[in-house]
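Here is a new structure to get to know. Have a look at the sequence and the model, and then read on.

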Amino acid sequence: MSDALLSVRNLTTAFATESGRTIAVDDVSFDVRAGEAVGLIGESGSGKSVAALSILGLLPTPPARVLAGSAVFEGRDLLQMPAKELRRIRGKRIGMIFQEPMTSLNPVFPIGEQIAESLRLHERIGNEAARKRAIALLDRVGIPSASRRLDDYPHQLSGGMRQRVMIAIALACDPKLLIADEPTTALDVTVQAQLLDLLNDLRRETGMAMLLITHNMGVIAEFADRVVVMYSGRVAEEAPIETLFDAPRHPYTQGLLGATPTLAQTEARLRTIPGSLPDPAAPPPGCRFAPRCSFADAECSAARPAEISLAVGHRAACRRTDATKNWQAA
Amino acid sequence: MADLALTLFPANARRTGRKLLRNRAFVAGAFLVTLVFLAIFLAPLLAQYEPNRMQIRMRFREPSAEFWFGTDNLGRDMFARVLYGGRLSIEIGFWVVMLNAVFGVAMGALAGYFRALDNPLMRLSDALMAFPSVLLAIGIAAILGPSTSTAVIALAVVYIPRTARILRASVLVVRELDYVHASRAAGAGDWHILTRHILPNCMAPLLVQLSFVFAYAVLSEAVLSFLGLGAPPTVPSWGILISEGRSYIREAWWLTVVPGLAIAITVLGLNLLGDGLRDVLDPRMKIQQE
């Protein structure tokens, strides 16, 4: 694991709330290797976005606080880094794109200006050079007649175009890692597919690594080399993409895949996972998935299950991996 | 001020401009304010007499073709005195607005953006706002002694907390918007975020507030001058004109009514202007219209 570009270990992030402290990310570890695409998947509230924001120090403190863990990027722990140095990494070494393209651009400046701004934040660059780079970036993210679009304002662009601009901004300084937080969730399906293709192309071209946060199994399948499944603030399972879809071992992952519609499906209704995500302020003891799990026994609710290594790059936090072996894809 | 709004929002400039022209309050306000400003700045061309030229034989003349606004107890032309007197009122209003734009914005932006500064700055502004505004201005003016800059400082102290509040509220909203988070993720620092992303998006409520501050400043300056705490009496400001005319109000009504009307028209114009700006630039109204 020493070849990791980003190595997150035992990350624990809490929020101070009126009813006390809520642990949103609980002892989460994963790696992103150079050039690799890692999917971080989970329901809303599973802690996937909080984990990513913790790594970049983007959570408001208070109420949020990183209680423990490390996030070593290119040999340095981001969590221990002074704010000023972390700022130099954000946007330069690690780019980030967000879920809402409609509101992620400043309405009062033209898009070219906003791309140039992200360049100026990290480099000494003249106006003319910045403009040229902005045109090249717009061109690269597939915006037609980029030089004419440069002086457009965000409201003149569609959602898909705006997300392309956001990608251009994130890529401006050639980051080694791109964190994409639900980049396609707010867009319609055809535009989603175009953007995923674009991100894939860009990754191949530049060799940057990508951490994709999503709740969409389909997006993960098209995109990731490796997947980390999160449930209620913890890692449930981590596996290479083929293993995850062919032989998932955590009952939660199995439930997620069972709930995903397929073309070969014969049943009229989708299968669901009974129950709902536990209240993060009062999580169940032991395995957090136990109350919803058909394999669970009394011991599952007694203690937190250890992560079991099942194969190279495949681990699951489940006591009953023997019982979950015979899973059949729908 | 409309022009400023247009340059600040060039994307929507034409649309905003059209909406402003369709807004009756704005058009009426702009008309009145333009009228007053033209009269005041063209005073040397419009007035036949020097504002301080005494013609004892002409004293207490009623408004007529020769003396449009009549003459006072020393035979000075009231038309000239009101026009020249307006200069001081507008000048004081202008500087109060400028001080508000600098210190009110700084105070509001810091309080809204940095959580640690919010409480101290806002409690300070609460303390200042707890005094009735005219009383506070009188207090400050009495301490500093009557002069033009005293009036400016006193009125600025009164209105800066109000501007700061408005701006703080806007900053609190804008700082949670996605593009601010996105900019932080791109490596921007606090200063950059505040000046490049937050303040430009708080301009609409600020412009509206400043147009009201202008109106209040003109009004309060008249109050201070009337009470002898504004500009020295050698300079005729509107408040001083009313104060002087008060002694002869039964014999020469025009000495108080004319400067009073000047104040009323100016304040009405500025308020209408502000109302119109608010209606067009208010983010809630914007959402409704789009």
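What follows is a walk through the cores, the aromatic rings, the cysteines and a few backbone details.

A word on the ground rules: this is a predicted model, where local features need pLDDT of at least 70, side-chain atom pairs count only at pLDDT 80 or more, and totals for chains, interfaces and linings use all residues. Residues are numbered from 1 along each chain as its sequence is written, chains are lettered from A and ligands numbered from 1 in the order in which they are written, and side-chain values use heavy atoms, with hydrogens and water left out.

Let's start inside. A nonpolar core is a set of buried Ala, Val, Leu, Ile, Met, Phe, Trp, Tyr and Cys residues joined through side-chain atoms within 4.5 Å; buried means under 20% relative accessible area, exposed means over 50%, and partly exposed is in between (1.4 Å probe, protein chains only). The largest such core holds 79 residues, and L6(A), F30(A), L78(A), V165(A), I167(A), L177(A) and I179(A) have the most contacts inside it. Its largest share, seven residues, is supplied by helix 6 (residues 159-171) of chain A. Helices (H or I, at least four residues) and strands (E, at least two) are DSSP runs, numbered from the N terminus. Setting aside residues up to four places away in sequence, L78(A) touches L6(A), I55(A), A71(A), F73(A), L86(A), I89(A) and I94(A), where contact means heavy atoms within 4.5 Å. Apart from this core lies another, of 56 residues, including V33(B) and L270(B).

Now for the rings. Rings of Phe, Tyr and Trp (its six-membered ring) pair if their centres lie within 6.5 Å; planes under 30 degrees apart count as stacked, over 60 as edge-to-face and the rest as tilted. That gives ten aromatic pairs over all chains. Why is the pair of Y113(B) and F114(B) edge-to-face? Because the ring centres of Y113(B) and F114(B) are 4.9 Å apart and the planes stand at 90 degrees. Y113(B) is buried at 8% relative accessibility, while F114(B) is partly exposed at 28%. Y159(B) and Y216(B), on the other hand, are stacked, with 6.0 Å from centre to centre and 15 degrees between the planes. This pair links distant parts of the chain, 57 residues apart: Y159(B) sits in helix 8 (residues 148-174) of chain B and Y216(B) in helix 11 (residues 203-226) of chain B. Over in chain A, ring pairs join Y231(A), Y252(A) and F289(A) into a cluster.

What about the cysteines? A disulfide is a pair of cysteine sulfur atoms within 2.5 Å, and the structure has zero of them over all chains. Take C318(A): the closest cysteine sulfur, in C293(A), is 6.1 Å away, so it is too far for a bond. C318(A) is also buried, at 7% relative accessible area.

Last stop: R304(A), in the loop between helix 10 (251-258) and strand 11 (308-311) of chain A. Leaving aside neighbours within four places in sequence, R304(A) is in contact with D26(A), D27(A), R234(A), G286(A) and C287(A). Among these, D27(A) belongs to strand 2 (residues 20-33) of chain A. Most residues other than glycine have a negative phi. D27(A), however, has a positive phi of about 55 degrees although it is not a glycine.
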